[in-house]
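Let us read a protein model together, one feature at a time.

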Amino acid sequence: MQSNNPDRWWKNGIIYHIYPQSFCDTNSDGVGDLQGIISKLDYLTELGVDAIWLSPIYPSPLVDAGYDISDYYDIHPRYGTMADFDQLLDAAHRRKIRVIMDLVLNHTSHEHPWFRESAASRNNPKRDWYIWQPSRNGKQPNNWRTNYGKKAWQYDPLTEEYYYHSFFREQPDLNWHNPEVRDAMFQVMKYWLRKGVDGFRLDVINLLFKDKRGRNNPIFSLLTGGKVYNYNQPEVYDVLREFRSLLNQYPGRTSVGEIFTPPPGNSRQAAAFLGNGTDMLHMVFDFSLIFTMWRASSYYKAIRNSYRQLPPGGWPCFFFSNHDIGRYVARSRFTSRHKYEKARLHALLLLTLRGTPFIYYGDEIGMENAEIPREKIHDLYGQLFYPLYKGRDGARTPMQWSDVPHAGFSTSEPFLPVHPNHKHVNVESQQQSVDSVWSTFQTLIAIRREHAALQEGEIEFLNEGDNNVLSYARYTAAEQLIVLLNFGSSAKKINLQEGGKCTVLYTTHPEREVQIPDKIRLQSYEGVVLMVNPSQGTL
Ligand code: GLC
């Protein structure tokens, strides 16, 4: 049963990541909108999610799909109005679905009035809101680079100085050393909290501060693509403590930080942003699992490491796809005829681990990355680096609701093409079938809701380092569950001490007997959740 404490919903619940332009279009302009999300809230209830996280919906020139905000206090007209947003919040809350906003604190759009003022003259009161530097010996102020490896300083001919941008030049970085910037952003947070949003996903939060002295990054860090002086600066922790105190004034709010750092060490660096477990972020995305090979032992190591890095009381979360890294079904390890079996096994993993699961829209039906023809690419990275890198659009295609033209996403041509596989990979058809990816998600979400052991229960790994089978127990004082996942392409027999005492709660291969003997034979890519019968079991 789900915990009654509403303040802890974010530990027990499931968070669904919506990329708003691609979810559902109700005004037939080919772009998803807020009314579209409202129209799908019943769908989300049926799936069983507890919260939605919306990628940015603020006004923006959309150089980076809205991660370049030009007004933190409004809604981009292509998604609707503030009245639509209020309606969404209300309609979601009535269904007990929480709403998490994406918040970009590190940079604004170059069209934000703050930047326009800052760029107007060297003595403008907002000059110091951004990071301006004169040239050094006729060259860029230092050797800092953007996330895609280019020089990160843009020369401004009007004021004859450079400004710093971690991403595109249309996304100037704010100067968080300036207390006015801090105040302005805390006002933004308060505005949305007062409105009633349930939390924030903080974009690239570890980039917030840069070395005040602007020191050059050492050469080794340039070679590895890492940074030293322009990320993970200690001042960010103070801001996050202040942020947490603010959130604590509003019961039941949560936060999750995006901490992208190059491997190795991601888990450790990400966990640092949880502070002592209760004084900074509620959760952080740990990207280490994204680089995991399709092997039980690799998952075991990455997950165990992720847990080990947590501070006492720190809470983990897991995600396997997002709008930047692409869809897990599409990664090379899934490109086989077994991809849907693997997708179901992966769902079982996500939904039985200790930690909040994040589901990227469409993953619940096994959507795949699409090939986007060059002329239809929106993502600037794709436009700049094609064909070496085709950008992120492939994982941002319209949600596949049904097999009709445009996949039921819109009645007109969508801004990005729908994946041709929508004829068979779509919500409508998968809802009819008990062994679809959708049904796996829905059933496991329901099971997770019913079993406290799968929520805040402890986790104990049962066979460390096996290449094929990952197994763990989830337990509370009152119940014990065992999860077995066969990553291998052939059946595997495993000894299960508790076997005789278990019944099957869920299996990806429904032909299995309900009672389990002490030697259990797992089919290839089979995942099972077993319940140790209360009268008999101890672990
Ligand atoms: C984050 C976002 C990504 C965006 C970048 C710059 O990584 O997830 O989509 O491009 O920040 O804001």
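Q: Is cysteine 317 buried or exposed?
A: Buried means under 20% relative accessible area, exposed over 50%, partly exposed in between (1.4 Å probe, protein chains only). Cysteine 317 has a relative accessible area of 5%, so this residue is buried. Cysteine 24 is buried because its relative accessibility is 6%. This is a predicted model: local features need pLDDT of at least 70, side-chain atom pairs count only at pLDDT 80 or more, and totals for chains, interfaces and linings use all residues. Residues are numbered from 1 along each chain as its sequence is written, and side-chain values use heavy atoms, with hydrogens and water left out.

Q: How many disulfides does the structure hold?
A: A disulfide is a pair of cysteine sulfur atoms within 2.5 Å. The structure has zero.

Q: How is a pair of aromatic rings described?
A: By the distance of the centres and the angle of the planes. Rings of Phe, Tyr and Trp (its six-membered ring) pair if their centres lie within 6.5 Å; planes under 30 degrees apart count as stacked, over 60 as edge-to-face and the rest as tilted. The whole structure has 44 aromatic pairs. One of them joins phenylalanine 85 and tryptophan 192, edge-to-face, with 5.3 Å centre to centre and 90 degrees between the planes. Both residues are buried.

Q: What type of pair do tyrosine 148 and phenylalanine 168 form?
A: Their pair is tilted: 5.4 Å centre to centre, 50 degrees between the planes. Tyrosine 148 is partly exposed, at 23% relative accessible area. Phenylalanine 168 is buried, at 1%.
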